Amino acid sequence: MVAVNRVFAAQLAGLPVFGPDGESIGKVRDLVIGLRVDRQPPRVLGLVLELATRRRIFVPMLRVTSIEPNAVTLATGSVNLRQFHQRTNEVLVVGELLDARVTLDSGAAAVLVDAAMEPSRTRDWRMTRVAVRERTGRLARRGPVQVLRWEELTGLSVTELAGQPQGAQHLVAIFETMRAADVALALHSLPFKRRYEVAEALDDERLADVIEEMAEEDQKDLLGHLDDERAADILEAMNPDDAADLLAELPKGEQDRLLGLMEPEESEPVRRLLEYSFDTAGGLMTPEPVVLAPDATVAEALAHVRNPDLTPALASMVFVCRPPTATPTGRYLGCVHIQRLLREPPSDLVAGVLDTDLATLSPSASLGDVTRYFATYNLVCGPVVDDSDHLLGAVTVDDVLDHLLPDNWRETGLTHA
C-alpha cells in the first residue's frame, strides 16, 4: 500500500531505498517519465536508483510498494543490476525538467521548479502536477510558487526541452547534498546541453571537485565547453596532480594557452608535474602533501592533518624537511605516521618521532614499482624524493588505483560477483 498520494520529485531525490525485509538497496537519484504527444499527464515509468557501488539502475514503479517521507520500499530486494540507459522519449525529471522554461495557459512565461506524481486507479503513477514560478522580470525567481495541473502549461515536449536554454538552480541545489563523485556520475548521465548548464551554474571550487571525479573524455569535453578564462580558473581550483593529468591530454597549444592564463603560483607546480610521464611516481604525485620543519610540535602536526580538504590518504602521513617546506623542499629528514602522532605528547617535537627507515620513491619509479611499494609497506601514502634528498611530493593509493583500473571505471561502477 502506498503511504502518500502525491510525491514531489525534489523531495524524493536522495531518499534511501529498502527491500521488503529492510535490506538497504540504494538511493533515489531521479524519476523517469515517458512524455506524450498530447498535453495529458505522462506516465512515471520508474526510479533511477544509485547503488552503494555508484552503479545507476532502473526500477519500474510497479516494484515500489511504499513511499514514505524518509524512505522508499520495494516489493522485492532482487533488482536488475544492469546499468540504466535512457531511451528515446524518456525524460529525467530531476535532471531535465527542473528549471525548464514553460508557458502557462494564460500566456505567462514561467520556470518549472518541481513536479509531483500521483497514483492512478490502475496502479500507474502519473506526473499530474507542476510547481512553477512566473517569469515577470529579473526578480521573478523570488516570486510565489504556483502548483498547477500538467495540462495547464506548454513547453515540455522532448524537442522543446532539447532546444531551450534552462537554468540549473534547483538541480544544483540537489547536487549540493551529494558527493563530488556522485555528481560527476549524474552529469555523465545527462544530455550534453543540460550538463553544460549545470557546469555554468556551479561555483569554481565545486566544479573543480566534480571534474576531478569525471572520466577523462567527460573532463576534456566539459573543459572545452568553458571559455578559456573560466577553464583556467577551474584548473587553478583543482589539485595540481589532477590538473596536470587533464592538461596532459590536451593539444600542446591549448595546454600552453591555459597554463599562461593561470596565476604563476598556481601553474608552476602543474608545469613541474607535466615534466614527468603520467605512469611514474613523478607524474602520479601531488606536490602539496603535509610538510613541516623539524621544530614543529606534534600538536601542530595533528592540526595540519585535521584539514578537511586533505584526503584520508594524504592525512595519514606528515613529512619533515629542512626549510623551505614548500616542494621541492630542503633536505628530507623522514616522515611521521598519524598513528604515531596520536600516541605522543602534544608538546613533543616531530623531529623526535621520525620514521627514518621508510624507503622513498624516485620520481622516475614506474607504476609497477609504486604499486609494489604500497603493497610491501602497507601504506596509503609515500614520499617522492629526488637524488639530492629534496621532497618533491607524495603519491597516494587513490592515484595508483586510478591508473590501474580500466579507463571507464567511473562510468560503469562495480559489478557484483
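Q: Which backbone nitrogen does the side chain of T329 reach?

A: A polar contact is a pair of N or O atoms within 3.5 Å; within protein, one must be able to donate a hydrogen and the other to accept it, and residues adjacent in sequence count only if both atoms are side-chain atoms. In this predicted model, the T329 side chain reaches the backbone nitrogen of L391 at 3.1 Å. Local features need pLDDT of at least 70, side-chain atom pairs count only at pLDDT 80 or more, and totals for chains, interfaces and linings use all residues. Residues are numbered from 1 along each chain as its sequence is written, and side-chain values use heavy atoms, with hydrogens and water left out.

Q: Is T329 buried or exposed?

A: Buried means under 20% relative accessible area and exposed over 50%, with partly exposed in between (1.4 Å probe, protein chains only). T329 is buried, at a relative accessible area of 3%.

Q: How many residues of domain 2 are in contact with domain 3?

A: Contact means heavy atoms within 4.5 Å, and domain bounds come from an automatic or database domain assignment. That assignment gives domain 2 as 165–274 and domain 3 as 286–403. Six residues of domain 2 are in contact with seven residues of domain 3.

Q: What area is buried between domain 2 and domain 3?

A: Buried area is the accessible area (1.4 Å probe) that two parts lose on being put together, summed over both. Here the value is about 510 Å², of which carbon and sulfur atoms give 49%. P240, D241 and R272 supply 67% of the area that domain 2 buries against domain 3.
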